[in-house]
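The exercises below concern pockets, strands and a few single residues. Work through each task before reading its solution.

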Amino acid sequence: MAQPTSSPARRPRKVLRAILVVLLVAVLAAGAGVGWWLFENRADPVPAGTPARPAAMTFAPTVKSVPSTAPEPTANGVQKAMAKALKDPMLGEFTGQVSDPLTGEVLWSQGADTPRVPASNAKILTASAVLLELPHDARITTKVVLGADGQAILVGAGDPTLTTASAGEPSFYSDPARIADLAAAIKKSGKQITSVAVDTSLFTGPGMQKTWDKRDIEGGDIAPMSALTVDGARLKPLDEYSPRTDDPALAAGRALADELGLNSQVTEVTAPSGAPTIATVKSAPLTVRVGDMMRFSDNVLAEQLAIELSVATGGEASIEGGAHAVLATLQKNKFDVEGTVLVDASGLSYSDRVTASLLDELMSAAAGNGQPALRSLLDSLPVAHGTGTLTDRFDPDKTNGAGWIRGKTGTLTGVSSLTGIVQTVDGRVLAFAMISGGTSPADARPAVDAVVGTLRDCGCRT
């Protein structure tokens, strides 16, 4: 019987060997190509005697002071730099002042002694006064005392940054005291709590200044002043522009009751004298709260900081008392408040009147060497095209100054103000205050920014 000339089992092996040979050739060819490319693109040889590569650098960021020897701008140089921008009709009725904080010299002034509606630039007066008068590490203590029949009485102390956010959760204000911590301390005390009440007796006078518009409560600009407020009275605690509650104290009381798991009605009482304290929490330091007020232009916080100042200086714990304390403190510290009228501390009222010269004087004092207590005010100012209320202003494609200007904005219908500091290209820091009136903020803001922006890229020496 004839034998087959080839075994079927060997055919796959031959195919496999052929495939492996092809793959090997391909790999060798690719390797040769890569080797040739590496040879052609090899680095030049290191010349003999070349020092060894230095150790990797360590990045150590520091903040360097602006040199006091930076070239001084001249009044003529500043005026020439600003001349074109000052012709913009969108500035409306325009007053302002520019000065050199190191020399105290006024470099430009236009109607600066005319009292004007300042809008939120009034907060510069409030911030300056509390920083000049109060300890910068001052904190507000909110407490809960034990009333009759197991009633927990939440006693307001004037801290609107107290928050309903639990530990670890974000809050609108920086490092606030928390209702949750009060509840935890109450539970730890072992006291049997049957209900929650609130005590707002610290504050006196009306909760709303008579010139304020009550529609601004729902609009998110203000709330009735109360010694007991949580989250700045915002209905949506993390929303800067949230509508506010018209009853801050009861909202705070309900928040504590919820944390304690109580469904009973919250009432308003006056805590009995000598009632034992069963829980306390402390606010952030004064400088932190001032910073929050300035960065977010927070009207509620501004009013309550002024009331805190009034109480500390023996005045009335009211809106009127706070406004009076601000002016009295500035006058005591030798600032010229002639012509200044404050009916509130936030600038929400159209009845307020402040001069650009006073605003510039305060900013110059903060940036200069005469009032070290005001230096932290500079840190609280929003950065042009960067932070806070200046985030969407000083667009580099339209205006100079992004990153080099810090300022406090002020806006009401028909009013646009801006006060702050600018570092020139020569490294000199200038203070400025600008108040525009009679045109819409949408038109006035770019015009004001253009005026201030001219100071950034101007050595202003000729």
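On a 1 Å grid over the protein atoms alone, a pocket is an open set of points where a 1.4 Å probe fits, with protein on both sides within 12 Å along at least five of seven lines, and lining residues have an atom within 4 Å of a point. Grid points are joined across faces, edges and corners, and a volume is the space filled by probe spheres set on the points. The model is predicted: local features need pLDDT of at least 70, side-chain atom pairs count only at pLDDT 80 or more, and totals for chains, interfaces and linings use all residues. Residues are numbered from 1 along each chain as its sequence is written, and side-chain values use heavy atoms, with hydrogens and water left out.

**Exercise 1. The largest pocket**

Task: State the volume of the largest pocket and find which element gives the most to its lining.

Solution. 
1. The space in the largest pocket is about 690 Å³.
2. Its lining has 24 residues, and V66, A367, L378, I421 and V429 are the closest to the centre.
3. Helices (H or I, at least four residues) and strands (E, at least two) are DSSP runs, numbered from the N terminus. On that basis, α11 (376-379), β8 and β9 are the elements that give two or more residues to the lining.
4. With three residues, β9 gives the most.
5. For the classes, Ala, Val, Leu, Ile, Met, Phe, Trp, Tyr, Cys and Pro count as nonpolar, Asp, Glu, Lys and Arg as charged, and the others, Gly among them, as polar. The lining then divides into 12 nonpolar, seven polar and five charged residues.

**Exercise 2. The second largest pocket**

Solution. 
1. At least two lining residues come from each of α7 (286-296), β8 and α12 (441-456).
2. β8 supplies the largest share, five residues.
3. The lining divides into five nonpolar, 11 polar and 11 charged residues.
4. S297 has a positive phi near 50° although it is a residue other than glycine.

**Exercise 3. The antiparallel sheet**

Task: Give the strand order of the open sheet and identify its edge strands.

Solution. 
1. Two strands pair if DSSP finds at least two bridges between them. By this rule five antiparallel strands form an open sheet in the order β2-β1-β10-β9-β8.
2. β2 (106-110) and β8 pair on one side only and are the edge strands.
3. From one strand to the next the twist averages 10°, where axes are lines fitted to C-alpha atoms, for helices over the stretch in contact, and angles run from 0 to 180 degrees between N-to-C directions.
4. β1 (residues 93-99) and β10 (residues 429-437) run antiparallel and are joined by seven bridges; S99 stands opposite A431 in β10.
5. β8 (residues 405-412) is joined to β9 (residues 415-423) by eight bridges, and T409 has L418 as its bridge partner in β9.
6. The hairpin of β8 and β9 has two residues between the strands, and there G414 takes a positive phi near 80°.

**Exercise 4. Strand β5**

Task: Explain why β5 counts as largely enclosed, and list its partners.

Solution. 
1. Buried means under 20% relative accessible area, exposed over 50%, and partly exposed in between (1.4 Å probe, protein chains only).
2. Five of the five residues of β5 (residues 195-199) are buried, so the strand is largely enclosed by the rest of the structure.
3. Both faces are covered, with S195, A197 and D199 buried on one side and V196 and V198 on the other.
4. β4 (residues 151-155) pairs with β5 in the parallel sense over five bridges, and Q151 has S195 as its bridge partner.
5. Between β4 and β5 the chain passes through helix α4 (residues 179-189) in a right-handed β-α-β crossover; right-handed means that, with the strands pointing away from the viewer, the path from the first strand over the helix to the second runs clockwise.
6. β6 (residues 267-268) runs parallel to β5 and is joined to it by two bridges, with V198 opposite E268.
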